[in-house]
Amino acid sequence: MGNDGLVENSTTQMRRGVLEYCILLILASGDEYASSIIQKLKDVDIIVAEGTIYPLLIRLKKLDLLTYRWAESTQGPPRKYYMITSKGREQLAGLDAVWDELTRSIETIRRNCR
């Protein structure tokens with residue numbers, strides 16, 4: 001594996017590590033169905049497969065960070081819309097604080113160590 005492969009692997013791992021945070025951020029602005037969440041992630045170059053997102057949505061539901069409702073669709077069968085819970089909003093606030101601290105620390109290291 002060349003250097004490009006190592007960078008790609010690291011990028012994948014970093015994105016996977018923040019996926020829960022991204023999903024909660026998306027749902028904080030409104031209810032979404034899984035395909036829409038995937039598209040919003042793709043729109044910002046976070047490529048995620050359905051096989052990755054569905055288990056994560058199930059896990060977040062079991063943790064009571066999100067819930068869902070079924071709604072009729074004009075484009076086919078009913079859709080499962082996910083929504084953030086109050087516990088999910090608390091988790092998101094905590095993740096926001098961690099993200100801010102982490103990015104400040106990384107930026108400091110980047111400035112001081114290059």
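I started at Glu32 and looked up its bridge partner in β3, which is Tyr82. I took strands as DSSP runs of E with at least two residues and helices as runs of H or I with at least four, numbered from the N terminus. This is a predicted model, so I kept local features to pLDDT of at least 70 and side-chain atom pairs to pLDDT 80 or more, while totals for chains, interfaces and linings use all residues. Residues are numbered from 1 along each chain as its sequence is written, and side-chain values use heavy atoms, with hydrogens and water left out.

Next, the sheet. β1 and β3 pair antiparallel over two bridges; I count strands as paired if DSSP finds at least two bridges between them. The sheet is open, with three strands in the order β1-β3-β2 and antiparallel pairing. Its edge strands are β1 (32–33) and β2, each pairing on one side only.

Then the hairpin. β2 (residues 66–73) and β3 pair over seven bridges, again in the antiparallel sense, and two residues sit between them. I stopped at Ser73, which is in β2 and stands opposite Gly76 in β3. Is Ser73 buried or exposed? Ser73 is buried, at a relative accessible area of 15%; buried is under 20%, exposed over 50%, partly exposed in between, with a 1.4 Å probe and protein chains only. A polar atom of the Ser73 side chain lies 3.0 Å from the backbone nitrogen of Gln75. Beyond its neighbours within four places in sequence, Ser73 is in contact with Pro78 and Arg79 (contact means heavy atoms within 4.5 Å).

On to the core. I used buried Ala, Val, Leu, Ile, Met, Phe, Trp, Tyr and Cys residues joined through side-chain atoms within 4.5 Å. The largest nonpolar core holds 22 residues, and Ile23, Ile37, Leu41, Ile53 and Leu57 have the most contacts inside it. Two or more residues each come from α2 (19–28), α3 (34–43), α4 (50–62) and β3 (76–84). α2 gives the largest share, seven residues. I also listed what Ile23 touches, leaving out residues up to four places away in sequence: Ile37, Ile53, Leu56, Leu57, Leu60 and Leu66.

Last, the pocket. Which residues line the largest pocket? I found Thr11, Met14, Arg15, Val18, Cys22, Ile46, Trp99, Leu102, Thr103 and Ile106. A pocket here is an open set of points on a 1 Å grid over the protein atoms alone, where a 1.4 Å probe fits, with protein on both sides within 12 Å along at least five of seven lines; lining residues have an atom within 4 Å of a point. α5 gives the most to this lining, with four residues.

Terms used. A polar contact is a pair of N or O atoms within 3.5 Å; within protein, one must be able to donate a hydrogen and the other to accept it, and residues adjacent in sequence count only if both atoms are side-chain atoms.
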